[in-house]
Amino acid sequence: MCLWSGCQPTVPKNKIKVFIYSLKKYVDDSGVPVSNTISREYNELLTAISDSDYYTDDITRACLFVPSIDVLNQNTLRIKETAQALAQLSRWDRGTNHLLFNMLPGGPPDYNTALDVPRDRALLAGGGFSTWTYRQGYDVSIPVYSPLSAEVDLPEKGPGPRRYFLLSSQMALHPEYREELGALQAKHGESVLVLDKCTNLSEDVLSVRKRCHEHQVFDYPQVLQEATFCVVLRGARLGQAVLSDVLRAGCVPVVIADSYILPFSEVLDWKRASVVVPEEKMADVYSILQSIPQRQIEEMQRQARWFWEAYFQSIKAIALATLQIINDRIYPYAAISYEEWNDPPTVKWGSVSNPLFLPLIPPQSQGFTAIVLTYDRVESLFRVITEVSKVPSLSKLLVVWNNQNKSPPEESLWPKIRVPLKVVRTAENKLSNRFFPYDEIETEAVLAIDDDIIMLTSDELQFGYEVWREFPDRLVGYPGRLHLWDHEMSKWKYESEWTNEVSMVLTGAAFYHKYFNYLYTYKMPGDIKNWVDAHMNCEDIAMNFLVANVTGKAVIKVTPRKKFKCPECTAIDGLSLDQTHMVERSECINKFASVFGTMPLKVVEHRADPVLYKDDFPEKLKSFPNIGSL
Amino acid sequence: MQSCRRKSLWLALLASWLLGLLGILPLLRLAVPTGPRAGAPQGWPRWLDAELLQSFLQPGELPEDAPQLRRAPRGGSCDWGACFDTSKCRSGGFKVFVYPAAEPTSEMQHKILASIEGSRYHTVSPTEACLHLLTLDAPAGACSLVPPKWNGGKNHLVLRLHPASCSGTFQLGWAMVAEASPTVDTFRPGFDVALPLLPEAHPVRGGAPGQLRQHSPHPGAALLALAEERGGWRVAATDSSACPWDGHCEQDHGPEQTHPGAALPNATFCLIPGRRADALRFLQALQAGCIPVLLSPRWELPFSEVIDWTKAAIVADKRLPLQVLAALQEMPPTRVLALRQQTQFLWDTYFSSVEKVIRTALEIIQDRILGASAHPSLLWNSPPGALLALPTFSTSPLDFPFYYLQQGSRPAGRFSALIWVGATGQPPLKLIQAVAGSQHCAQILVLWSNDKPPPPSWPETAVPLLVIEGHRKVSARFFPHSAISTDAILSLDAHSSLSTSEVDFAFVVWQSFPERMVGFLTWSHFWDEAQGRWGYTAERVNEFSMVLTSAAFYHRYYHTLFTHSLPKALRRLAEAAPHCVDVLMNFLVAAATKLPPIKVPSGRRHEDASPPRVPGDLGPAARDCIDRVAAGFGHMPLVSSRLRLDPVLFKDPVSVLRKKYRGLEKP
C-alpha cells in the first residue's frame, strides 16, 4: 500500500496524509439512493480525521483516501450498489490506498465477520474480524463504538473488589450460552449475575438502559460497575458494543468468542486488560477467573478503564488510533512503542527506562578519554596532563580550551605523553562546553577532569575507571555531596559535610558514559543548560540530576576522597568553603528540582573501594595500593 | 479563478447533501455548512444539525440479531481455541512427550531431543503428556509416516527447523507447526510458532554471546551494511545514491568495501532483503548487534507472538527505499542505543543456542495454556527475559527483582533471615541475637536439618522466630518456603558470625542492588590452563566472582528459580555434592543478571575462623563441582568484580561518632 509519492517525505514529518472525498449522493439505475445518508458517527469520524494532523485537502498529496460513503453498519447497505459507488471514486484504482470503516459487518443468516461489500485492495478498519477474515498487518481491527459512551454520564469507579464476581449483561445470547451461564449462576450463587432483557417494563422506559434478573431491574450500564468480571460473548457478530461499556465500567472483560480479533490487537496488549476464554471452556470460566490474584485483577481493571479512555470512548479516539496504526506501518522507524500504547499515564510517569539497560561490562581495553576544561591555568593544566597520562587505561586526552582571548600554548610546549592529545577551542567561555559530545571522543568512558585536579593518584584514577566499567550507566566520582530537605525553610539544601550518605559526585573528576554528554547538550530539561552557563556554576549538579533522572540510579562515590585539595588553589574546593557558594549551590538544587518536576537524586550509604582496601594484607599484592587519602 | 472553482464545488456539495438528506429525512431542518476557516484546509464541513443525524447503531437493533454459536473450524484451518485441548495440561502441568527419532536422524534432531529430555517438561509417557512433539528434520522421504499416537494431530507440535524438510508429506490435521522462518501466507498467528532459521552448526547449549562490546556505536562505524545476494556483506554508500540496495547498482562500488566472506562489517544498521533465505542473515546481524532493517520480509519474524521486534529491528517497506535511508540517517541516538542493546538481549536470551530456541517455543505454548497467568509482555521483552522470569512465581513484575526501576518502585525495607542448621550445627543463639537486632529484620526462620531434635526453647527476640524441621538435603535451604514473607532473604549458616552493623549495612546496599547477591565472603573462579578446566579459589585476591551463601542477602525469587528451573542434571549434582549449592546459586544469579555479586566489608572474625563450608584448599571434588556446573550451563556466566562497597566513612580518620556503621570499624 501507499506506493505513491504522496507518502514520501511530508510535513509534519513521518505523518501520512489523508484525503476525504466530498459528500455525494449515489443512486442506482432507477434513481433510488444506494445508501442512507451518513450516520452521526461517520460524520464524527470524518470530522475527527479532518481536524487531525493527517488531513489534507489536496488529493494529489494524499496517501490514504477515505470515502464519504458510510459503511459502518452493513445492515443499512445495498451491497452491490455500494460497491459500484466506491468504484466511481476518482482515485479508487481497485481500492488501492483507500480506507473503509465498518463496525457491524455481515448480515443474516451467516453474518460474515468482514464487510461483504467487495472492496478489492481497500484497507478495512473493521469491528468483529475473525482470524479467518483478518489480514494481519493490512486490515485494522477496531471496536464497535457504543453510543452509550456519549449518552450516559458514568463517573469513574476505581478498581477493587465489587459486589458481583462475574456478570453477564448481554441481551441477545444464544440459548445454549444462556443455559451455560445459568448453570454458572446456579453453582456459584450470588457472586454470579446473569441479566436479560426486561419483559414487563412500562412503555416509557428506555429498554436498552434496563436489564433484568427475574423480577429485579437494573440500570444499564451502571450495573457493570458492580462487577469485577463481565462476560463478552459472541452475538450474531463477533464484535460487540458491550465490550466498550464493560471497559468503561472498569469491569474486566471475559471475552468468549473464539477466533475474534480484539480491537487494535496489533498494538494493544489485551492480556493486561481482559481474559480470553475458549467457548468450549465456558463451564470452567469461574475457576479460571478465581485463579487470578487480586492484585492482578485490580491491575486489569485499571488497564480496562485506560483502554476505554484512550481508544474506545469516542469515535475520534477510534479514528485516530486507526490512523496511527497505519501510520506506524508506513513509518516504522517513528512508530509508537508498546509502552506508549499500553501503559496508563500513571505508570508512564513513575517508570524509568534506563537508556543503558543492557548489563554489559565494557572491555578494559577500550579505555577512556580524559576531557580537561581549562581557561588559562597552563602550568596546572600541564601537570594534570602529565599525571593523568600515567593512568594505564587512558586512551586519549582532550583539552577544551575555553579562553577566546588567548591562544593555547604552541604545540612544542605541551607535555609529551603516550596517548593522542587534542585541543579543542570553543567559541564561547561556557561551562557546558565540558559536557559537549565532541566527535573526538571515541571511547564510551569519559573522564571529566578540572585543570587543577592534580592530587588524584594514578591508582585512584585507574580504579575509578574499573568501577565505571562495572557501572557504565552511572556517574562515578570521588568527593561525594548530599542534598537534604531543610524542614525549617521547606526547601532543598546542599551539604558538603562529612555525612554517611551521598547523592551526588563532583565532576571536577568523574567518569561517565559519553551518551550523557549528548543528553546534557541536547536533552537537558527546561532552561537549565542556559541557566548554568549564565551563572557559571552548578554544571556538575545539573549532570547529577540528569543522569539520576534518566537512569533512576544513584551515583557511585569512589575511595575515601572528600574534597579536591590543590596547592595552587586558594581556599577552594571548587569554591565550596565559601558561604555564599553554599547558598548558590542550594539554590541550584531547588531550581533544578522544580524544572525536573521531581527530585531525581538517589541517596546511598555506600562507596566503592578496591576489594582489599585497608585489609590486613601485604600492600604489594594489592592491585590498587596507592588509593590516596581524604 | 481558484476561489471560483471552490465556490462551485461548495455549492455542488451543499446541493448533494440536501438531496441526500431530503431523500431520507424530509422533515429535517436544512443543513448549512460553516464557513471555511481562513488559510487552513477546509476539511470536512461541520453540519449545523449533525446532532440530528441518526446513529449507525439503532437502539434495539442488535437484540434482534440472531445470536450464533461458534462455528467449527473450516477448511482445515485451526486456531488455538478450536484445535488445542488444554484440559490435559491443567491437571498434570505442562508435560511434553517427544517422539523418538525415526532413523536416519539428523544431528539437529539429536540436539533437540537431548535438550528436551534434559528439561523439566519432559515426560516419557505419551498419555500424561499435554504436548506431543514431533521433529521433522530427517532427510526428505524419511518422514512420511504418521506417528502412532497422532490422534489427528491434536495437541501436537510439529517442529521443522529447516524450511525445506518434509513439507506436505502428510496431513497436519490439528497440529501446530513450529517452523523456521515460515512464510507469512501460511503462518497461523496464535497457533503456529515462528522459529528462527538456524545455521547447521548452531550450538546445543550455552552458545556464543552477542558480539557487542559497547552500548553505543563506535564513531568510526559505518551507518549501513547490506546483505548481498551472493552471501557476505557490503558497506553501503549512504550519500545520495538512490539505489543502495536494489542490486542494480552493484557495478557502482566506488569507495565501498566489499566483504566477500560472511564476516559482518562494523555497521550500525544491517539491511536485509525480504527473501526467506535471508532469515539467516537476520540472526547473524542480531548477534553482531547490527540493527536489522528488514525490507518487507516474506517470512514471519521468530517468536513474533511474544517478542516485540519493534524494539530491536526495523521492518520497512521495500518500495520506499529513499525514505528508509533518510530515516536511518536521522534516527536519534537514543533510539539507536535502545535498538542495539535490545538485539543483544534477544540474541543472548532466546537465540544463541538450540536449547534456548526450543525452550522459548515451549514457553510460548505454555503461556497460551496459562492464559491470564502467562508472562506479561514486559517479562518477555526486557532482561533477563521470559526463560528466567517464571510466571509460576508471579505475573506481577513488581514481585521480581529485575523490574523495580521500570515500575517506578523500590524494594521494601525488611528482610527474612534464613538460618540453615546442618547435621553438625548447634543452635545459633548468638547469631539470632545479632540478626534480630537489625531494625530491618522482619522474621527469622531456622531450617533445622539436624538429626537431633531442635531445642524446645529459643531466645526471646523482637521479631517472630519460626523453626522449620525435617529438610535433609542441602538444596532444601533454597526451597521457596511459603513462610518467607519478605522479598529480601538473608541466608545464613548456623556457624556464621555477623554483627548487627554488618547486617544493617549489607541490607541497605542490597536495596540498591536487589537483583544481585550481596555477601561478605567471596570466591573467585579461574580457568585452569594446565588442567583445561574451570577452578575456583577461596584465597583473598583482588577480585571475586561468587559470594558464599553462608552469609548473603538476595531476593526470594532466586529460591523459586533454584528449585524450579534448574535442569535435571544440575539438580542431581546439587543433591549429590552439598558444597556445590553455593556455586550453583552464584551461577544461577549471574546467568540472570550477567553481573557480578557485591561484596561488603566483613569484620576480621569470620575470616580467621575458616568455616567448614569454605574449602581453603579446595579438594578435587570441589574443583570438579564448578567444572560440572559450567558444563551444565553450557557456558561460564560468572563475572568478576574488583570492588567492594563500604560505608561512605569507612575507616576514614574521623570521629567514630560521626559514623553510622561503627560496628564495622572494630578491630
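Me: How many residues does the contact take from chain A and from chain B?
Reply: Keep in mind that this is a predicted model. Between them, the two chains bury about 11100 Å², with 56% of it on carbon and sulfur atoms. As for who takes part, the contact draws 132 residues from chain A and 128 residues from chain B.

Me: How many salt bridges does the rule find across the interface of chain A and chain B?
Reply: One salt bridge to look at joins Lys311(B) to Glu339(A), with the closest N and O atoms 2.9 Å apart. There is also a network of salt bridges linking Glu466(A), Arg469(A), Glu543(B) and Arg642(B). Over all chains the structure holds 52 salt bridges. Across the interface of chain A and chain B, the rule finds eight.

Me: Which element gives the largest share of the side of chain A that touches chain B?
Reply: Between the two chains, 46 residue pairs are in polar contact. Elements giving two or more residues to chain A's side include α4 (175-188), α12 (458-470) and β23 (606-610) of chain A. The largest share is seven residues, and it comes from α1(A).

Me: How many residues apart in sequence are the parts that Asp185(B) and Arg298(B) tie together?
Reply: These two form a salt bridge, the closest N and O atoms being 2.9 Å apart. Asp185(B) sits in the loop between β5 and β6 of chain B, while Arg298(B) sits in the loop between β11 and β12 of chain B, so the pair ties together parts whose separation in sequence is 113 residues.

Me: Is Asp185(B) buried or exposed?
Reply: The cut-off for exposed is over 50% relative accessible area. Asp185(B) has 61% relative accessibility, so it counts as exposed.

Me: Where do Glu299(A) and Arg302(A) both lie?
Reply: Their side chains meet in a salt bridge at 3.6 Å, N to O. Glu299(A) is partly exposed at 38% relative accessible area, and Arg302(A) is partly exposed at 40%. An α-helix has 3.6 residues a turn, so residues three or four places apart point the same way. This pair is three residues apart, about one turn, and both lie in helix α7 (residues 294-312) of chain A.

Me: Which element of chain B has the lowest mean pLDDT?
Reply: Chain B averages a pLDDT of 82, and 81% of the residues score at least 70. Strand β22 (residues 598-599) of chain B has the highest mean among the elements, 98. The lowest, a mean of 44, belongs to helix α16 (residues 605-608) of chain B.

Note on methods: Residues are numbered from 1 along each chain as its sequence is written. Chains are lettered from A and ligands numbered from 1 in the order in which they are written. This is a predicted model: local features need pLDDT of at least 70, side-chain atom pairs count only at pLDDT 80 or more; totals for chains, interfaces and linings use all residues. Side-chain values use heavy atoms; hydrogens and water are left out. pLDDT is the predictor's confidence in each residue, from 0 to 100. Helices (H or I, at least four residues) and strands (E, at least two) are DSSP runs, numbered from the N terminus. A salt bridge is a side-chain nitrogen of Lys or Arg within 4 Å of a carboxyl oxygen of Asp or Glu. Buried means under 20% relative accessible area, exposed over 50%, partly exposed in between (1.4 Å probe, protein chains only). Contact means heavy atoms within 4.5 Å. Buried area is the accessible area (1.4 Å probe) that two parts lose on being put together, summed over both. A polar contact is a pair of N or O atoms within 3.5 Å; within protein, one must be able to donate a hydrogen and the other to accept it, and residues adjacent in sequence count only if both atoms are side-chain atoms.
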